[in-house]
Amino acid sequence: MAIIKQYNRKFNITYVYESESYWDPDKKQSRSKRKLLGRLDPETGEIIPTGGRGRKPKNPESSSPTVNPDSNKAIQKEQDDRQQQICELTVTVSKLKDELAQAKAENQQLRSALGKLKKQLDSCSDTCSNALN
């Protein structure tokens, strides 16, 4: 048996395997079986077990969640509060959209008036320059 270190560039982790070689009579080649031992700690060089497939073992005590009726009420109250906030925000957004539409209309009127004033100013300056010449 041999210890094999394999570096994974994607995750920047070195995994350590136990490799056992054997002869495959069907293919007439040597083959190897690998068993994951864990990760290699880059600072200390120690092998950190990963639980076989990298998953942590399940804790049987925490596998069956307990349901607390008070927590259900708290969750329902929180959902109701959030729904109320959503309604209030929806009304606020609607009001702001109306204000924006009014501001755009007023802006358009002011631009139009400004354009007319510019034309009058140009006309006056042309008249004054002609009078001086």
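Trainee: How many aromatic pairs does the count come to in this structure?

Mentor: The rule is that rings of Phe, Tyr and Trp (its six-membered ring) pair if their centres lie within 6.5 Å, and that planes under 30 degrees apart count as stacked, over 60 as edge-to-face and the rest as tilted; by this rule the count comes to 0 aromatic pairs. Bear in mind that this is a predicted model, in which local features need pLDDT of at least 70 and side-chain atom pairs count only at pLDDT 80 or more, whereas totals for chains, interfaces and linings use all residues. Residues are numbered from 1 along each chain as its sequence is written, and side-chain values use heavy atoms, with hydrogens and water left out.

Trainee: Which charged residues, then, sit over the rings of Tyr22 and Tyr17?

Mentor: A charge is taken to sit over a ring if NZ of Lys or CZ of Arg is within 6 Å of the ring centre and within 35 degrees of the ring normal. Lys33 lies over the face of Tyr22, 5.4 Å from the ring centre, and the charged end of Arg34 is placed over the ring of Tyr17, at 5.5 Å from its centre.

Trainee: In what order do the strands of the sheet run?

Mentor: Strands of a sheet pair through backbone hydrogen bonds, either parallel or antiparallel. Strands here are DSSP runs (E, at least two residues), numbered from the N terminus, and two of them pair if DSSP finds at least two bridges between them. The open sheet has 4 strands in the order β1-β2-β3-β4, with antiparallel pairing. β1 (2–8) and β4 (47–48) stand at the edges, each with a single partner strand, so one side of each has no neighbour in the sheet.

Trainee: How many bridges join β1 to β2, and how many pair β2 with β3?

Mentor: Between β1 and β2 there are 7 bridges, with Ile4 opposite Tyr17 in β2; the two strands form a hairpin with 4 residues between them, where Asn12 in the turn has a positive phi of about 55°. β2 (residues 13–24) and β3 (residues 29–40) pair over 11 bridges. In β3, Arg39 is the bridge partner of Tyr15, and Gln29 that of Asp24. This hairpin, too, has 4 residues between its strands, and Lys28 in the turn has a positive phi of about 55°.
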